[in-house]
Amino acid sequence: MRRSVAARLMRERLAPSDVVVCGLGSTARAWREQNAPHPTYYASDPMGMAPALALGLALARPDRRIVLLEGDGDLAMNLGVLITIAGAAPANLRVAVFINDRYETGGGQPLPNAGRISYVTLAAGAGWPWTGEAHDEAQAARLFAALLELPQLGLVAVHVDAEESPYPPGPGPTSQAEDRALFQRRLSDER
Amino acid sequence: MSGDGQAHAERIVGALLRAGVEIAASLPDSWLSPLIERISNEPKIRHIRVTREDDGAGVCAGASLGGKRAVLVCQNAGLLLSANALAGYAHHHQLPFLVLAVYRGSYEDRFYYQMYKGLVTEPVLDALRIPFHVVDRIEDVAIVEEAAREASLARRPVVVLLRRAALLGDAKAS
Ligand SMILES: Cc1ncc(C[n+]2csc(CCOP(=O)(O)OP(=O)(O)O)c2C)c(N)n1
């Protein structure tokens, strides 16, 4: 499955009130291309920190559901966060991990032990109450829907094709700090 | 742990509450035990136990993004571990939060394996351009509240390094 298809399947299933946090790399690229209406915060850099940031946001805003779209390289950098999140168990956090088995944005090199890592097993072992793994479009459609119907924390690992993801050519019109302020303004206006 | 430790923890948590802190992330150090214990018993603070200190920095940054004041409580080695996260939130995202870090490896310490931490903590924070303040004694606990305000004003994490005496009083080293 192409990453853009996975991103579209997620966008089509999100509730209008959902808030998205996006890790770095090609997942962010695929999500940006969706032009989704949802408030979205792009968490990286620092690499490896998106899940913790999404947890903090979920704790601060229990009135909103936070959906984290995460890359496998970003998550693998800090697997301990799976334990931290399971311990905190925020009912308003959902996670989708896009697995391309590579550090695509960093140049396309494979992750260590690429192709043999089970993120659902890692999450379940860390104490996550619900996980699912999607290898194709039909499974992704079904599991994203199930993830968003849950009353609690959950994680879907979705396998996507390895597709090129060169570093973006230059900075956009706004800095990270400006994007941060715009995101905060939007969240507080929507209160 | 000493009665002093509990009394000091009480005062530090009082300062956190006055600063409006509602979320705390922590990873232990033996000198922090009374403080972490007191935080975990504080109904006005949501306490999150993390597996790495940079996770705690991420949790605090996310809380700050969502409009809440947050504190990371950890050892100074946790600051060293969190260098990339702290620098990223300070200078790239500009997200404020407070860090209370125990100052291991200085004159109060009796453990040889802590000493390198005392040697490099301040220069690393300087290099990261993260503001920090050292609290030597509990009488200076107001710095905690002031540093939280400084973080909000500067839109950056601010670190308070807590000496053993500030956390535990004069109880025997442990
Ligand atoms: C601490 C750190 N190490 C390395 C990098 C360089 N880097 C940027 S993106 C990336 C790959 C991310 O991998 P993943 O999350 O799987 O994303 P994708 O494969 O979709 O690009 C790397 C290694 C970085 N930004 N920060």
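Predicted model: local features only at pLDDT ≥ 70, side-chain atom pairs only at ≥ 80, totals over all residues.

1. Residues are numbered from 1 along each chain as its sequence is written, chains are lettered from A and ligands numbered from 1 in the order in which they are written, and side-chain values use heavy atoms, with hydrogens and water left out.

2. Chain A holds an open sheet of 6 strands in the order E2-E1-E3-E4-E8-E7, with parallel pairing. Strands E2 and E7 (131-134) of chain A stand at the edges, and because each has a single partner strand, one side of each is left without a neighbour in the sheet. From one strand to the next the twist averages 15°. Helices (H or I, at least four residues) and strands (E, at least two) are DSSP runs numbered from the N terminus, and two strands pair if DSSP finds at least two bridges between them.

3. Within that sheet, strand E1 (residues 19-22) of chain A pairs with E2(A) in the parallel sense over 3 bridges, and A:Val21 stands opposite A:Tyr41 in E2(A). Helix H3 (residues 50-60) of chain A packs on the sheet, where it touches E1, E2, E3 and E4 of chain A, and its direction makes about 175° with that of E3(A). Such axes are lines fitted to C-alpha atoms, for helices over the stretch in contact, and the angles run from 0 to 180 degrees between N-to-C directions; contact means heavy atoms within 4.5 Å.

4. In helix H1 (residues 3-13) of chain A, the buried residues include A:Val5, A:Ala6, A:Leu9 and A:Met10, where buried means under 20% relative accessible area, exposed over 50%, and partly exposed in between (1.4 Å probe, protein chains only). The buried residues of H1(A) pack against helix H2 (26-33), strand E3 (66-71), strand E4 (93-99), helix H7 (137-149) and strand E8 (154-159) of chain A.

5. A:His38 is placed in the loop between H2 and strand E2 (40-42) of chain A. Is A:His38 buried or exposed? A:His38 is buried, with a relative accessible area of 6%, and its side chain reaches the backbone oxygen of A:Ala15 at 3.1 Å. Leaving aside neighbours within four places in sequence, the residues in contact with A:His38 include A:Arg11, A:Leu14, A:Trp31 and A:Arg186.

6. Chain B likewise has an open sheet of 6 strands, here in the order E2-E1-E3-E4-E6-E5 and with parallel pairing. Its edge strands are E2 (46-49) and E5 (132-135) of chain B, each of which pairs on one side only, and the twist averages 20° from one strand to the next.

7. Strand E1 (residues 21-26) of chain B is joined by 5 bridges to strand E3 (residues 69-75) of chain B, the two running parallel; B:Val21 has B:Arg69 as its bridge partner in E3(B), and B:Ala24 stands opposite B:Val71. E1(B) also pairs with E2(B) in the parallel sense over 4 bridges, with B:Arg49 in E2(B) as the bridge partner of B:Ser26. E1(B) is mostly covered, as 5 of its 6 residues are buried.

8. B:Glu146 is found in helix H7 of chain B and is partly exposed, with a relative accessible area of 41%. The C-alpha atoms of B:Glu146 and B:Ala87, 59 residues apart along the chain, are separated by 21 Å.

9. Where does the ligand lie? The ligand lies between chains A and B, and 19 residues surround it, the closest being A:Ser26, A:Gly73, A:Arg102, A:Glu104 and A:Thr105, on the criterion that a heavy atom of the residue lies within 4 Å.

10. Several polar contacts, meaning pairs of N or O atoms within 3.5 Å, can be listed for the ligand. A nitrogen atom of the ligand is 2.8 Å from an N or O atom in the side chain of A:Asp45, while backbone N or O atoms lie 2.7 Å from a ligand oxygen atom at A:Arg102 and 2.8 Å from a ligand oxygen atom at A:Glu104. Taken alone the ligand exposes 590 Å², and the protein buries 79% of that, with accessible areas from the Shrake-Rupley method and a 1.4 Å probe.

Definitions and conventions
Polar contact = N/O pair within 3.5 Å; in protein donor to acceptor, adjacent residues only side chain to side chain.
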